[in-house]
Amino acid sequence: LVFGAILVFISVAFFSCSDQKESYELNIPDWFPKPEIPADNPLTTKKVKLGKQLFFDARLSSNFSLSCASCHLPAYAFSDTVAFSSGVHERSGERNSPTLVNVAYKPHFFKDGGIESLELQALAPIDHPSEMDISTTTIVDRLRKDSLYQQSFKEVFNSGVTMRGITYALAAYQRTLIYGNSKYDRVVHEKSASFSDLEKRGQNLFNSDSLNCSKCHSGIFFTDYSFQNNGLKANYADSGRAKVTSDPDDAGKFVVPTLRNVEVTGPYMYDGSLKSLSQVVDHYASGGSDHRNKSSLIDGFSLSDNDKKALIAFLKTLTDKEFQQNPNQ
C-alpha cells in the first residue's frame, strides 16, 4: 500500500510538473489586466503553436487561396490595408477587417458584437461565402490527411483532428497577440520617455470635453467596447448592432474600436470609407450626418491646422514598436 501510494504521488507530481511546463506564459505589460482564459481552453505552448500554424494555413479556405493572416496582416497590427478584404475567388468582404491585437480582452466579436466567444469567432469567416467559403467537414478532412497535424492534435487535445480543436487552437494563438509597447506606454506607464510638445498638446485635445474622444476611446485599450452610431451615414445599408438585436434603436451602431495602433490599421470605420486619420478627424469635427441614433457626443468642433496636426501626432504615439512602418520614427 505504501509503495502504491508512492507511485500515485510520483505520478501526480510528474503530470503536475509536466502540465506546468506545458503551460504558455503570456507576455503581459505590468499595466495591463490579466485576460480571462476559458477554463476549457487553457493556454499551452503546443496549443499556441498549433493555432499559429492554422492561422497561416490556406487549407482553411475552399480554394486554398487565403488564410486568416491574409486579412489580418501581422505587419499592420493584424488588420488589413484595404476597405474590404478579398475572400475566395476575389469576392469582396462586407466590413473592414479589424485589428486582432489585444483581442484576448474583447468581450464580444465582430463590429456588431454578434459573437461573444473567441472559440466561436473563427466559424463565421470560415463559413461565409465572401470569405473562406468552406465547410467544417472539408477542413477537418483536409487536415486529417496531414500526419503532422494528426500528431499535433493528438499531443494537444488527445484526439484526432476536430473542428472544435481547430477553433480552440486558433483562439489560443490569438490570445497571445498582446502588445503594449508604444511610445504612449513608455511615457505614461513606464515613465521612460516623454511626449514632444506637439504630442502633449494632442493628448490634451484628445482628453478635452470639447472633442469628446476619450468618452468612448477610454481605458487601457482606448475603447469602452460600447456600440455607438457616430454619424458616419444618414442611411446605413448595414444596420450594425441591429442585425443582432433586431432593435431599431441599434441601427447604425458599431463597436467602438481600439485606437491602439490606429496609425497602421487604416482605412477606418466599419466600411473602410475614411482613408486617413486626417479624414477621421474631419468627420468628427463636422459633427457627422444626421441619423436618429447618432450619439449625442458627436456634435462637431473646430480645430486649427496646428491642433489637428497635434491630435494626429498623439494618436501616432499609440503605435507599438513592432508595427511602426518607419523604425526610426
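This is a predicted model: local features need pLDDT of at least 70, side-chain atom pairs count only at pLDDT 80 or more; totals for chains, interfaces and linings use all residues.
Colleague: Okay, how many helices and strands does the protein have?

Modeller: There are 14 helices and two strands. Both are DSSP runs numbered from the N terminus: helices are H or I with at least four residues, strands are E with at least two. The C-alpha atoms fill a box of roughly 80 × 45 × 40 Å, taken along the principal axes.

Colleague: And what share of the residues counts as buried?

Modeller: 49% of the 329 residues. Buried means under 20% relative accessible area, exposed means over 50%, and partly exposed is in between, using a 1.4 Å probe and protein chains only.

Colleague: What share of the contacts comes from residues 24 or more positions apart?

Modeller: Those pairs account for 66% of the contacts with a separation of 6 or more. A contact means heavy atoms within 4.5 Å.

Colleague: Now rings. How many aromatic pairs are there?

Modeller: The count is 18. Rings of Phe, Tyr and Trp (its six-membered ring) pair if their centres lie within 6.5 Å; planes under 30 degrees apart are stacked, over 60 edge-to-face, and the rest tilted. One of the pairs is Tyr184 with Phe195, which is tilted, at 6.5 Å centre to centre and 35° between the planes.

Colleague: Where do Tyr184 and Phe195 sit?

Modeller: Tyr184 is in helix H9 (residues 183-188) and Phe195 is in the loop between H9 and helix H10 (197-206), so the pair ties together parts 11 residues apart in sequence. Tyr184 is buried at 13% relative accessible area, and Phe195 is buried at 14%.

Colleague: What about Phe254 and Tyr270?

Modeller: That pair is stacked, 4.0 Å centre to centre with 5° between the planes. It links distant parts of the chain, 16 residues apart: Phe254 is in strand E2 (residues 254-255), and Tyr270 is in the loop between E2 and helix H13 (277-286). Phe254 is buried at 8%, and Tyr270 is buried at 9%.

Colleague: Which residues do ring pairs link into a cluster?

Modeller: Tyr184, Phe195, Phe206, Phe222 and Phe314.

Colleague: Which rings have an arginine over the face?

Modeller: Phe64 has Arg142 over its face, 3.8 Å from the ring centre. Tyr168 has Arg164 over its face, at 4.2 Å. A charge sits over a ring if NZ of Lys or CZ of Arg is within 6 Å of the ring centre and within 35 degrees of the ring normal.

Colleague: On to helix packing. At what angle do H2 and H7 pack?

Modeller: H2 (residues 45-55) and H7 (residues 147-157) pack at about 145°, with their axes 9 Å apart. Axes are lines fitted to C-alpha atoms, for helices over the stretch in contact, and angles run from 0 to 180 degrees between N-to-C directions.

Colleague: Which residues make the contact?

Modeller: From H2, Lys46, Lys47, Leu50, Gln53 and Leu54; from H7, Tyr149, Ser152, Phe153, Glu155, Val156 and Phe157.

Colleague: Last topic, Val187. Is Val187 buried or exposed?

Modeller: Val187 is buried, at 13% relative accessible area. It is found in helix H9 and touches Ala193, Ser194 and Phe195, not counting residues up to four places away in sequence. Val187 and Thr317 are 130 residues apart in sequence and 9.4 Å apart in space, C-alpha to C-alpha.

Colleague: And what does Ile220 touch?

Modeller: Trp31, Phe32, His189 and Arg260, again not counting residues up to four places away in sequence. Ile220 is partly exposed, at 25% relative accessibility, and lies in the loop between helix H11 (213-216) and strand E1 (227-228).

Technical notes:
Residues are numbered from 1 along each chain as its sequence is written. Side-chain values use heavy atoms; hydrogens and water are left out.
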